[in-house]
Amino acid sequence: MRNDATGHEQGQQASEFDVDVIVVGTGPMGGTTALALATYGVRVLAVSKWNWVAHSPRAHVMNQRALEVFRDLGIEEEAKAAGTDWELMGDHIFTTSVVGPEIARLRTWGTGDERRTDYLLGSPCGLLDLGQPLMEPIVVAKAAARGAQFRFGVTYLGHVQDEHGVTVTLNDPVAGTTFTQRARYLVGADGARSQIADEIGLEIVGQAARAGQIYVRFDADLSPYLAHRPSVLHYVFQPSTGFGELGLGGLRAVRPWDQWMAGWGFDQSKGEPDLSHESALAKIRSMIGIPDFEAEIHWVSPWYVNQQHALTYSKGRVFCGGDAVHRHPPSSGLGSNTCIQDAFNLAWKLAYAVKGYAGPKLLETYSDERAPVGEQIVARANQSRFDYAPLRAAFAAEGDDPVAAGMAKLQAPTLDGADARDALRAAIDLKSQEFNAQGIELNQRYASSAVIEDGSAPEEFTRDKVRYLQATTRPGAKLPHAWLVDGRGRRTSTLDVTGQGLFSLVTGLSGQAWVEAAAALDLPYLRTVVIDEIGRQDLYGYWHDAREIAEAGALLVRPDGYVAWRQPEVVTDAVEAETQLRAALNAVLATDITGHRATGVGVDALEAERSLGAELGTA
């Protein structure tokens with residue numbers, strides 16, 4: 001994909017702009033936006049008021065879709081090398097203390113015997129526990145290596161947008177200078193107190209700070225107590241940590257098994273909570289169950305539960321994403337994952353607008369597609385907190401020692417005890433809506449002008465759409481993962497032969513009309529993927545079972561891996577195929593594709609990197 005002046009929208013010369021896109025914020029959304037844009041050959045500047053990336057663990061669970069994005073952008077393996085392996089995320093422990101009697105266990109994140117196959121069939125990627133201080137440097141370093149500019153310690157002051165671009169005012173407090181940068185577009189990834197969202201008047205609905213939580217970052221070796229039942233999350237029923245809607249305290253492994261975060265709720269009506277290290281250590285000792293347990297506390301901080309989302313994500317040439325537009329607790333592990341997906345949806349659209357391949361209407365589809373997702377995940381994350389109520393009720397019992405009374409209730413060899421155990425199992429199963437929710441992570445459907453409906457009946461989900469993925473090639477859905485076999489006999493996913501900043505026309509061996517049609521259009525951003533030709537063979541038959549179209553039909557897959565259009569029926573006439581394909585691309589890109597010729601187009605940054613890796617034997 002090219003990055004020359006002649007390809008820019010509205011005929012503006014590159015010299016008018018310092019960069020094509022300015023991104024404010026370098027967290028999961030901002031960093032991934034910068035990485036994707038740099039990968040696509042777009043000049044991007046990312047700024048942050050902080051002197052470096054996140055210093056606290058914050059978001060940590062990376063779901064399959066986020067890792068698919070990292071896979072597409074060429075950093076999946078680096079992320080996996082830095083994070084905690086999927087297998088170690090598995091057992092969630094519900095207990096009276098770390099060393100005390102357990103109440104229940106739950107296999108989570110698809111690691112259980114009954115769910116693992118669902119996860120393996122749904123994606124070429126597993127899951128990963130990767131805190132932001134480990135994840136963000138990988139993203140930033142790779143983006144910089146591909147040409148993105150970064151300015152840390154620079155404060156965003158404001159912007160003015162006009163018909164052709166955005167003028168952004170920045171301040172460098174170290175140099176004592178205030179300066180402006182001119183760009184075609186501005187991206188606000190500036191967090192939950194987003195100045196940019198306020199400036200463009202985004203309407204944000206819901207409730208802020210509806211509950212309070214304290215988090216403590218500490219170091220202690222808990223491997224003697226937890227290494228045999230590995231989990232990144234543990235829940236403790238203790239009166240000392242039981243206030244709040246969860247009704248229990250939490251222990252999260254930052255690094256197995258010597259770096260931790262502890263959390264518990266507090267009553268906001270009683271004013272500021274006690275944030276002293278002494279108070280925090282007392283609660284940690286209670287949660288662990290060892291009165292003289294020693295821990296090195298790094299910090300204690302309050303945190304507030306939000307339930308807010310923006311109704312729209314953009315205005316003119318300014319776009320917001322991440323926590324700026326969806327604000328919610330970490331429950332369900334949807335935070336950074338959704339931020340990364342916001343970035344992946346937006347970046348290719350910005351790149352196509354910058355290069356003159358798309359009309360302005362394409363950029364409007366970012367808000368159309370991602371705002372409903374933001375609303376959905378805010379609701380789901382908050383519901384996950386409310387869903388602890390049945391668990392509390394199953395354990396609750398009257399007595400001077402409520403923990404001992406609760407255990408006695410669950411262990412009673414009586415019919416009342418049986419009822420309590422049944423209630424406990426039902427409550428634990430409900431938590432699978434949070435911890436085995438592959439559907440909420442992968443079932444996102446887009447409806448916008450960048451998706452062309454094919455006249456199919458409305459989709460019906462055959463299983464719980466929160467827990468279970470329903471893969472489909474329907475327009476607006478993510479392309480199903482299916483293992484193919486490449487030219488060296490190795491497995492490669494359908495997600496690996498699509499994406500990387502390009503549209504993909506997917507057909508079968510008998511779909512030669514589509515091959516001819518794509519060749520006739522000769523577009524720099526369109527590849528043809530013929531399933532069953534050498535290098536992309538469907539030897540397992542997985543694609544045959546997943547495609548939902550005739551072999552001589554076709555799918556048009558967007559750069560973000562979503563199906564934009566499909567022709568389920570056989571087409572054998574190349575002229576007819578070209579007519580249909582041209583109409584689809586014109587509609588999706590909101591422009592006339594005539595003249596978008598491939599002549600003289602160079603490779604993008606990721607293609608060049610992979611080509612070099614192949615030459616060196618490291619690809």
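**Residues in loops**

Student: Where is S332 placed?
Tutor: This is a predicted model. S332 sits between two numbered elements, β19 (326-327) and α9 (335-354). Its place is the loop between them.

Student: Is S332 buried or exposed?
Tutor: The cut-off for buried is under 20% relative accessible area. S332 has 2%, so it is buried.

Student: What about Q500: which loop holds it, and is it buried or exposed?
Tutor: Q500 lies in the loop between β21 (491-493) and β22 (503-508). Phi of Q500 is also positive, near 55°. Its relative accessibility is 11%, under the 20% cut-off, so Q500 counts as buried.

Student: Which residue does a cis peptide bond join to P256?
Tutor: Most peptide bonds are trans. Here omega is about -10°, and the bond is cis.

Student: With which side chain does the side chain of Y446 make a polar contact?
Tutor: Y446 is in the loop between α15 (438-442) and β20 (483-485). It is buried, at 6% relative accessible area. Beyond its neighbours within four places in sequence, its contacts include N345, E369, R558 and D560. The polar contact, at 2.9 Å, is with the side chain of R370.

How values were computed:
Residues are numbered from 1 along each chain as its sequence is written. This is a predicted model: local features need pLDDT of at least 70, side-chain atom pairs count only at pLDDT 80 or more; totals for chains, interfaces and linings use all residues. Side-chain values use heavy atoms; hydrogens and water are left out. Helices (H or I, at least four residues) and strands (E, at least two) are DSSP runs, numbered from the N terminus. Buried means under 20% relative accessible area, exposed over 50%, partly exposed in between (1.4 Å probe, protein chains only). Contact means heavy atoms within 4.5 Å. A polar contact is a pair of N or O atoms within 3.5 Å; within protein, one must be able to donate a hydrogen and the other to accept it, and residues adjacent in sequence count only if both atoms are side-chain atoms.
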